[in-house]
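Visitor: I have not seen this structure before. Please take me through the terms used for it.

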Amino acid sequence: MKSGPLFFLGLAAAFGFSFAGIVIGSNAQLGRQAPFYDDSEGVSFPARLPGSAAAGQLAYRDLGCASCHTQQVRRAGFGSDVDRGWGDRQSVARDYIYQTHVQLGWSRTGPDLTNIAGRKPSAPDAGDLMRLLYGGQGAMPAYSFLFEDRKIVGQVSDDALRLAGRLEPAPGRQIVPTDRARELVDYLLSLNTTYDYPEAQPAPAVHPAPEAHPAPVAHPAPAAGGEAKK
Amino acid sequence: MIPAATHPLAGPPASAQPDSDRGPGRCVLLFMLGSGMLWLVLSAVLALISSIQVHSPQYLSDLEFLTHGRAQALAETAFVYGWIGNCGPALALWILCRLAGEPLRPSRWAGTGAFFWNLGVAIGLAGIAFGGVTAIPMLELPRYVQPLLFASYAAVALAGVTAWTGRRREVMFASHWYAVAALFLFPWLFSVAQVMLLWFPVRGVLQAVVAGWFAQGLWTLWIAPLALAGAYYVVPRVSGKVLPAYDTAALGFWCLLVLGAWTGGRHLIGGPAPAWIATVAIGASVILLFHYIVVFTNLRPGFAGGATSLRFIAFGVAAYVLGGLVDGVTAIRGVAVLTQFTHFDEAQRQFALHGAATMMLFGTLYFALPRIAGRPWASRGLVRGHFALYALGILLLAFCLGTAGWIQGSALNDPKTAFADIAILTRGWLLGATAAQTLLLAADIFLAVNFFTTLACAPQGGDKEGAP
C-alpha cells in the first residue's frame with residue numbers, strides 16, 4: 001500500500017459499501033411503505049398519533065425510557081415476548097411508519113411497551129400508569145418530578161391521583177399530574193398494535209426457506225415483514 | 001520476508017524525529033489529552049451513578065437531570081466524545097506526525113478545532129441533562145451541537161491530512177492505515193447519521209437500522225482503528241520485535257473496514273427490521289473473526305511484557321480479540337435469544353470500550369506523553385496502581401454484568417418469571433458491577449493525577465525517551 005489516492009479511494013469504497021448496502025438498501029425496501037387500508041373497516045392502519053401523544057413521545061425520549069424498555073415484540077417462539085402477553089403477533093415495520101422518533105430500545109430491564117394499551121387480559125388505564133410513574137415499583141424508579149404536590153383548595157381536583165399507603169399525600173394536599181405526565185400517559189395509551197397486518201401472520205411451518213440474501217430489491221416493499229417473512 | 005523499507009520497525013531514525021514536542025503542536029496535543037482526562041473522570045462518576053440506579057432505582061430519581069436514561073447517556077457521551085474523541089485523535093495525530101517526520105500543522109486549526117470540540121461536548125452534555133437527549137445509542141448529543149462537533153473535528157483532522165500527505169517517504173505502515181482511516185471516516189459517518197436520524201429522519205423502523213449501522217460503524221471505523229493505530233505503532237517499537245505476520249496485516253485492516261459496519265444489524269435480530277439485515281450481520285460477524293486473528297498474531301510480541309505501555313496494550317489486544325469472538329458467538333440467533341436486551345449486551349459494550357479500546361489508548365498514552373511533554377511520568381506507583389485497578393475493574397465489570405445478563409436472559413425467556421423477581425435474581429451481580437465501576441473511577445483518578453502532576457512538575461532534561 002503505497003499510493004495515497006488509491007488508499008483513500010479504498011477507504012471511501014469500504015465506507016460506501018456498508019452505507020449503500022444497509023442504509024440505501026433498507027431505504028429502498030421500506031422507505032415508501034404505506035399504511036394498510038382495511039376495506040371492511042374503512043380505516044387505514046396504523047393510526048397517526050394524536051397531538052398530546054406525539055408530545056408524550058418526546059417526553060418518553062428525553063427522560064430516557066428507552067434505556068430500560070423496548071418497543072418491539074419478537075415472533076412467537078423467539079423469546080417469550082408473545083407468551084408474556086406483550087402482543088399477539090410480532091412487530092412489523094409498518095407499525096412504526098408514523099412514529100417520528102422510533103424507540104425500539106436496547107434493554108429489557110423493564111417490560112416491553114409496544115402494545116401496553118392493548119394488553120390482555122387487562123391493559124393498564126391512565127390511573128394505573130400515573131400511579132406507577134409517581135411511585136415507581138420494583139425496578140422502576142419514581143418520576144415524582146412529573147407531578148405537583150398541591151394544597152387542596154375547595155374540592156379535590158378531578159385529576160388528582162388516587163393514592164394509598166406510603167404514597168398517600170399529607171392531609172389537605174393532593175398529587176396532580178403536570179402536562180408532561182399527562183402527555184406521557186397519553187402516549188403510552190396510544191401504544192396499541194392489535195391490528196393484524198397481512199405480513200404479520202406467522203409463516204406457515206413448512207421447511208424453512210434459505211435466509212434472505214442481502215439483495216434488498218429482491219423483496220418488494222409490502223412483503224417487508226419481520227423475521228417470519230422469509 | 002518484509003523488505004527493509006516497509007519493515008515496521010524502520011521508522012525514521014530517532015535523531016530525525018521532529019519534535020511536535022516543541023512549539024505550538026505540543027500545546028494542542030496536551031490540551032486534547034488533558035481535557036480527555038477530565039471527561040474520563042466525569043464519565044466514570046456518571047457511570048457509577050447510572051450503575052447504582054440499575055439495582056437501586058430510587059437513587060437520585062427525584063433529580064430530573066439524572067434519570068437513569070439520562071445518566072447513562074451522559075456517561076456514554078462523556079466517555080465516547082469526551083475521552084475517546086480527544087485522546088484518540090490526539091494520539092493518532094502524534095503518530096502521523098512522528099511517522100511523517102514533520103511537526104504538527106496547521107496547529108492553529110487543530111487548536112481551534114480541539115477547543116470547539118470540547119465546548120461542543122460540554123454544551124451537548126448540558127443539553128442531555130436538560131432534556132435534549134436523542135435516545136440513539138452512541139449519538140445521544142442533541143442535534144444542535146452536532147454541526148459544531150463536525151466542523152471542529154474536521155479542523156483537527158486537517159492536521160492529520162497534512163501529516164499524511166506531507167510524509168517524507170512513500171511507505172505506509174499499519175499504524176498509518178488505522179490512524180488515517182479513523183481520522184477520515186468519522187466525519188462521514190457522523191454527518192450521515194445526524195442528517196438521516198436527526199435533521200431529516202428516515203421513516204419508521206429505518207431509524208433503528210441507520211442507528212445500528214452508525215453505532216457499529218463508530219466502533220469499527222473510528223474507535224477500534226484509533227486504538228489499533230496506537231497498538232501497531234507502539235508494540236514493535238517497545239518490544240523491538242518485527243510484527244510476526246505483517247504480510248497479513250493489510251488484509252486484516254481491509255476486512256475490518258469493509259465488513260465492520262455490516263455487523264451492527266445483529267442487535268436487530270428478531271425485531272421489525274428486515275430479516276436480511278440481521279442475517280448479513282451474523283455472516284459478517286463470523287467472517288470478521290479473521291480480522292481479530294490477524295490483529296492477535298501481529299501484536300503478539302506485546303505479550304512479552306516488560307514495559308508499562310506494553311502491559312496496557314497487551315491487555316487491550318487480548319480484550320479486543322476476546323470481545324470479537326464473543327460478538328461473533330452472540331450474533332448467532334440461538335445465543336442472541338438469550339443475551340439480546342440484557343445486561344450481557346451492556347457487558348460486551350463496556351468490555352469493548354474500556355477493556356479493549358481504552359486499554360490500548362492508555363498504553364499508547366504512556367508511551368507518547370514523555371515524548372510529547374519532554375519529561376517522564378511523575379509517579380511510577382500511580383502507573384502501577386492505574387493498571388491494577390483498571391484491569392481488575394473492567395474484568396469484574398464484564399464478569400458481573402455478563403452473569404447478571406445471562407441470568408436475566410434465562411429468566412426473561414421464562415414467561416412465568418415476573419420482572420420484580422428478575423430484579424431480585426440479578427441484584428447481587430449488579431452490586432458487583434457497581435463495585436467494579438468504583439474501581440474504574442479510582443483508576444481514572446490515578447491516571448489524571450499522574451498526568452497533571454507530570455505536566456506541572458519542572459521539566460527534567462535527558463530522560464525524554466526513557467519512558468515506561
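Guide: A polar contact is a pair of N or O atoms within 3.5 Å; within protein, one must be able to donate a hydrogen and the other to accept it. In this predicted model, 18 residue pairs are in polar contact between chain B and chain A. On the side of chain B that touches chain A, helix α5 (residues 174-199) of chain B gives the largest share, nine residues.

Visitor: Why is the pair A:Asp62 and B:Arg70 called a salt bridge?

Guide: The closest N and O atoms of A:Asp62 and B:Arg70 are 2.6 Å apart. The cut-off is 4 Å between a side-chain nitrogen of Lys or Arg and a carboxyl oxygen of Asp or Glu, so the pair qualifies. The rule finds two salt bridges across this interface.

Visitor: What makes B:Met138 buried?

Guide: Its relative accessible area is 7%, and buried means under 20%, so the word applies to B:Met138. B:Met138 is in the loop between α3 and α4 (146-165) of chain B. Its phi is near 70°, a positive value in a residue other than glycine. Most residues other than glycine have a negative phi.

Visitor: Why is B:Phe341 called buried?

Guide: B:Phe341 has a relative accessible area of 3%; the limit is under 20%, so B:Phe341 counts as buried. B:Phe341 also has a positive phi, about 65°, and is found in the loop between α11 (333-339) and α12 (343-373) of chain B.

Visitor: How much area do chain B and chain A bury between them?

Guide: About 6800 Å², 67% of it on carbon and sulfur atoms. In chain B, B:Arg203, B:Trp276 and B:Phe341 lose the most area to chain A.

Technical notes: Residues numbered from 1 in each chain as written. Chains lettered and ligands numbered in written order. Predicted model: local features only at pLDDT ≥ 70, side-chain atom pairs only at ≥ 80, totals over all residues. Heavy atoms only, no water. Buried area = accessible area lost by both parts, 1.4 Å probe. Polar contact = N/O pair within 3.5 Å; in protein donor to acceptor, adjacent residues only side chain to side chain. Helix = DSSP H or I, 4+ residues; strand = E, 2+ residues; numbered from the N terminus. Buried < 20%, exposed > 50% of the residue type's maximum accessible area, 1.4 Å probe, protein only.
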